[in-house]
Amino acid sequence: MPSLFAINPGALSLADCRLLTAGSHHLALMPDALEGILASAAAVQAVVAAGAPAYGINTGFGKLAKTHIPDAQLEQLQLNLVRSHAVGTGPLLDDDTVRLILALKAASLARGYSGVRPAVIEALLALYNAGILPCIPGKGSVGASGDLAPLAHLTLALLGEGEVRVGGVQMPAVEALEDAGLEPLRLAAKEGLALLNGTQVSTALALRGLFEAEELFAAAVVAGALSVDAAKGSDAPFDARVQAVRGQPGQIAVAAVYRRLLEGSAIRASHRVGDDRVQDPYSLRCQPQVMGACLDVLRNAARTLEIEANAVTDNPLAFGGSDGELGEVISGGNFHAEPVALAADTLALAIAEIGALSERRIALLIDASLSGLPPFLVAKPGLNSGFMMAHVTAAALASENKSMAHPASVDSLPTSANQEDHVSMATFAARRLLEMAANTRGIVAIELLAAAQGVDFHAPLRSSQSLQRVRDAVRERVPFYQEDRYFAPDIAAAIDYLHQESLTPLLAELLPSWG
């Protein structure tokens, strides 16, 4: 029996959002949210009763907002909106993302400013709890007025239309609802618009990208520290005094992690005296500066996305009255996903830079003139090619990320006959993050293999206790590269290690305040 997770509207944490992707809990709404939901719905009904024009309640949409819709056609108006806006293309969003979208949309509507009945929120939660996941094509949103096309596909499932996935099997939504004992939802005034408007798709995608970036950050810091020992680099650049006089908080935190990771390394101790090298290349020496800047980006993006996960982002908004006063419906622009787009763009830069720096360290390790290790990290180079082509793969992945890191938010195209004349492109900005993260994971996995290989060449000297644990974990999956062999399975095993074994706890163990 799944444990209960009670959604407290406006109070979701990033940890909650991580949990909501898994589908391992049964969702319910905090009872005290009901009052605000009912007041907001009453405000919409008051507008309908008064007959005054209100966008999306009794008017057309976008450029057609001046068209008045009679009361008898308001339900059909909402149904037509959903059907006409379900125009997405491309591969379907994955199940984890769809679960998070359902939860975020329910939490946003439950804030009590969207004018929907409790039944709408209950229908969203029922889909989540029954494991009925709408089939949402990933392409077709420009990130204003919200994520219209993808959320229309989500809403179709509530109505018993379109396709869904249940346990990985695709089927008509009407069949899935019937199997689960659920009735298709019938939309009242404004409810289709409230479901379609909003930034929940781009926010969910960006959150997934953030969570992946945080894992990659930890893995790259650990791999980078192991590479320092593999190349017999210096830990002097990580001195706290160097970081303090610059003052960048991420740099200060990350340098402390590198110091702790390398503490007690016999490899480092072996060349403190008599090493004729004055300075290491930047990919070793400047890790606190680069990775610290990435950490600052991750922190800033996390702050923005946590706010957005709790935001009310549909339009218009219905504010319930107090002390007997009538409520008010106000048309605004909270659906514009610029905060998400900019956060996702910066995350893309951080993911690309994490991978780029890792690729440079691989290049350093295979270059005997820089690392002091055997060429391409293999005995009998020439007969054996060693890590030569593994580095080429890392370079290819890094290059792909550089192209994908171009900011999406600067590319606005007007839509809806110039009524929506500036858009955010947040959905694409966020959607590419998972692919970029997969590329960077491949790069860091190759670096881990290369760094472990380099450290092994220094035997019987050992790295620090923390880094030796990581090296040993790698060796449990991939043996020492003695001579050329089929290399792709080694890389796949290292990628799987980074998937299955988060290195974030290691960083938290060494320095609890690092994040």
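## Buried or exposed

A residue is buried when its relative accessible area is under 20%, exposed when it is over 50%, and partly exposed in between (1.4 Å probe, protein chains only). R361 has 0% relative accessibility, so R361 counts as buried.

This is a predicted model: local features need pLDDT of at least 70, side-chain atom pairs count only at pLDDT 80 or more, and totals for chains, interfaces and linings use all residues. Residues are numbered from 1 along each chain as its sequence is written, and side-chain values use heavy atoms, with hydrogens and water left out.

## Around R361

R361 sits in helix α15, residues 338-366. Helices here are DSSP runs of H or I with at least four residues, strands are runs of E with at least two, and both are numbered from the N terminus.

Which side chain joins that of R361 in a polar contact of 2.5 Å? The partner is E447. A polar contact is a pair of N or O atoms within 3.5 Å; within protein, one must be able to donate a hydrogen and the other to accept it, and residues adjacent in sequence count only if both atoms are side-chain atoms.

Contact in general means heavy atoms within 4.5 Å. Leaving aside neighbours within four places in sequence, R361 is in contact with A220, G224, S227, S283, L284, Q287 and E447.

## The nonpolar core

A nonpolar core is a set of buried Ala, Val, Leu, Ile, Met, Phe, Trp, Tyr and Cys residues joined through side-chain atoms within 4.5 Å. The largest one has 166 residues. L207, F217, L261, M291, L365 and F387 touch the most other members. Helix α9 (residues 200-230) gives this core its largest share, 19 residues. In soluble globular proteins, nonpolar side chains tend to be buried together.

Take L365, one of those core residues. Apart from neighbours within four places in sequence, L365 is in contact with residues including S227, A230, L373 and A450.

Helix α9 also holds S202. This serine is buried, with a relative accessible area of 0%. Beyond residues up to four places away in sequence, S202 touches D147, A337, V340, A426, T427 and A430.

## Salt bridges

A salt bridge is a side-chain nitrogen of Lys or Arg within 4 Å of a carboxyl oxygen of Asp or Glu. By this rule, the count is 24. Side chains of opposite charge can pair when their charged atoms come close.

D95 lies in helix α4 (residues 95-109) and R165 in strand β6 (residues 163-166), so the pair ties together parts 70 residues apart in sequence. D95 is partly exposed at 22% relative accessibility. R165 is buried, at 13%.

R272 and D235 form another, at 3.1 Å from N to O. R272 is in the loop between α12 (266-269) and α13 (282-285), and D235 is in the loop between α9 and α10 (240-244), so this pair links parts 37 residues apart in sequence.

D472 and R471 also pair, with their closest N and O atoms 2.8 Å apart. Salt bridges that share partners join D456, R471, D472 and R475 into one network.

Y113, F319 and I330 make a nonpolar surface patch of about 240 Å². Patches are made of residues with over 30% relative accessible area and no salt bridge; like charges are joined within 9 Å, and nonpolar side chains (Val, Leu, Ile, Met, Phe, Trp, Tyr) within 5 Å. Accessible areas come from the Shrake-Rupley method with a 1.4 Å probe; for residues, only the protein chains shown count as cover.

F319 is in strand β8, residues 317-319. F319 is partly exposed, at 33% relative accessibility.
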